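I opened this model to look up its fold at the level of strands, helices and single residues. My notes are below the display.

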Amino acid sequence: MKIKPCKNNIGAEIDINLISMSQKEIDEIKKVLNNYGVIFFRDQNLTPKSYINFAENFGELAEYPMLKGLSKEFSKITVIERKASDKGPSFGEQFHTDSSYTKKPPRYTMLLGKLVPPRGQGNTEFASQYLAYEKLPEEIKAKLENLEAVFSSSGPISVTRLEREKEKGTGKSKDFKSSHRIIKRVNNKKTIYFSPGHVTEFKGISDEEGKNLKKFLINHQTKPEFVHSFEWEKNSIAMWDNRAVLHQATPFSGNRIMHRITIQ
Ligand SMILES: [Fe+2]
């Protein structure tokens, strides 16, 4: 198993065949994921069944409340499709953490590229919140330490979901809201858990102060030196810890199909 760290150690590419792995290799993959926050695999021609099998190594699979699954049998696989004819932004086109408006947001997300535009188009960007936390000014660290924010499913990113909900919506996507602590500890490292696409307000500070803090945070969390831009190929997989990185889709034209699994 070869491990190749990406720019500034924001993620690592792992060279292995996911169908024939030993328990030792699975444990090693978990370690790399915890260390880097996001990992990538290439050329994994997985069936829905083998994709689910791989995902189950990391925990209980989550249900996505907003969109229907691939099929009855594979309801835990969400199809994220972009059509050339779609107007408006792609699904997830703003930095966010997945389903952070739920009470117990999924810990991991996995995407498998089934149909992708030419390499270098429609990248997914990952912003390391390990690095972002480390580089926060000390007084902001102290301010955030015990602060909670309100995460809402109708936050600014919700517009990118509308097109998909029209076709595949579960009808249960009304309004989810949840509060979470902003500073999390993941494997003895602290991270910023603040989803620019979902946070609507802070708890216990004035609107004015909250507005300024939000602006500062979003700008800080997504600085170019914390961001790695992943180039998709068919059968690539990206898997990340939602507490350790933010992610966003980037604009492109054309068709794309991704299979997504989230893990509790
Ligand atoms: Fe997402």
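These entries go from the whole chain down to single residues.

**Ground rules.** This is a predicted model, and I took local features only at pLDDT of at least 70 and side-chain atom pairs only at pLDDT 80 or more, while totals for chains, interfaces and linings use all residues. Residues are numbered from 1 along each chain as its sequence is written.

**Whole chain.** I looked up the secondary structure of the protein chain and found six helices and 15 strands. Helices (H or I, at least four residues) and strands (E, at least two) are DSSP runs, numbered from the N terminus. Next I checked the overall dimensions. The C-alpha trace spans about 50 × 40 × 30 Å along its principal axes. For 264 residues, a compact globule would have a radius of gyration near 18 Å, and the chain agrees, with 18 Å. That radius is taken over C-alpha atoms, and the globule rule is 2.2 Å times the number of residues to the power 0.38.

I then looked at burial. Of the 264 residues, 38% count as buried. A residue is buried if 20 or more other C-beta atoms lie within 10 Å of its own, exposed if 12 or fewer, and partly exposed in between, with C-beta atoms placed from the backbone. For contacts I used C-beta atoms, placed from the backbone, within 7 Å. Among contacts between residues at least 6 apart in sequence, 84% join residues at least 24 apart.

**The seven-stranded sheet.** I traced an open sheet of seven strands in the order E1-E2-E3-E13-E5-E15-E4, with mixed pairing. Its edge strands are E1 (2–5) and E4, each pairing on one side only. Neighbouring strands are turned by 25° against each other on average, direction ignored. Axes here are lines fitted to C-alpha atoms, for helices over the stretch in contact, and angles run from 0 to 180 degrees between N-to-C directions. Two strands pair if DSSP finds at least two bridges between them. E2 (residues 12–15) and E3 (residues 38–41) pair in the parallel sense over two bridges. Ala12 has Ile39 as its bridge partner in E3.

How is strand E15 placed in the structure? Seven of the eight residues of E15 (residues 256–263) are buried, so this strand is largely enclosed by the rest of the structure. E4 (residues 78–82) joins E15 through five bridges, antiparallel. E5 (residues 108–115) also pairs with E15 in the antiparallel sense, over seven bridges. His259 of E15 is the bridge partner of Val79 and of Leu112.

I followed H1 (residues 23–36) next. H1 lies across E1, E2, E3 and E13 (237–241), running at about 130° to E3. H2 lies across E5 and E15, at about 35° to E15. Which residues of H2 are buried? In H2 (residues 48–55) they are Tyr51, Phe54 and Ala55. They cover an arc of only 100° around the axis, which puts them on the same side of H2. The arc is that of the directions from the helix axis to the C-beta atoms. E5 and E15 are among what covers these buried residues.

**Core.** The largest nonpolar core has 53 residues. A nonpolar core is a set of buried Ala, Val, Leu, Ile, Met, Phe, Trp, Tyr and Cys residues joined through C-beta atoms within 7 Å. Those with the most contacts inside this core include Ile39, Met110 and Met239. Met239 touches Leu33, Ile39, Tyr108 and Met110, not counting residues up to four places away in sequence.

**The three-stranded sheet.** I found a second open sheet, with the order E12-E6-E14 and antiparallel pairing. Its edge strands are E12 (227–230) and E14 (245–249), each pairing on one side only. Five bridges join E6 to E14, and Ser128 has Val245 as its bridge partner in E14.

I stopped at Thr124, in E6 (residues 124–128). Thr124 counts as buried because 22 C-beta neighbours sit inside 10 Å. Thr124 touches Phe230, Ala238, His247 and Ala249, leaving out residues up to four places away in sequence. Thr124 and Phe230 are 106 residues apart along the chain, yet their C-alpha atoms are separated by 5.3 Å.

**Backbone check.** Most residues other than glycine have a negative phi. Asn8 has a phi near 50°, a positive value. Asn8 is in the loop between E1 and E2 and is partly exposed, with 13 C-beta neighbours inside 10 Å. Asn187 also has a positive phi, near 50°. Asn187 is in the loop between E9 (183–186) and E10 (189–192).

Key
Contact = placed C-beta atoms within 7 Å.
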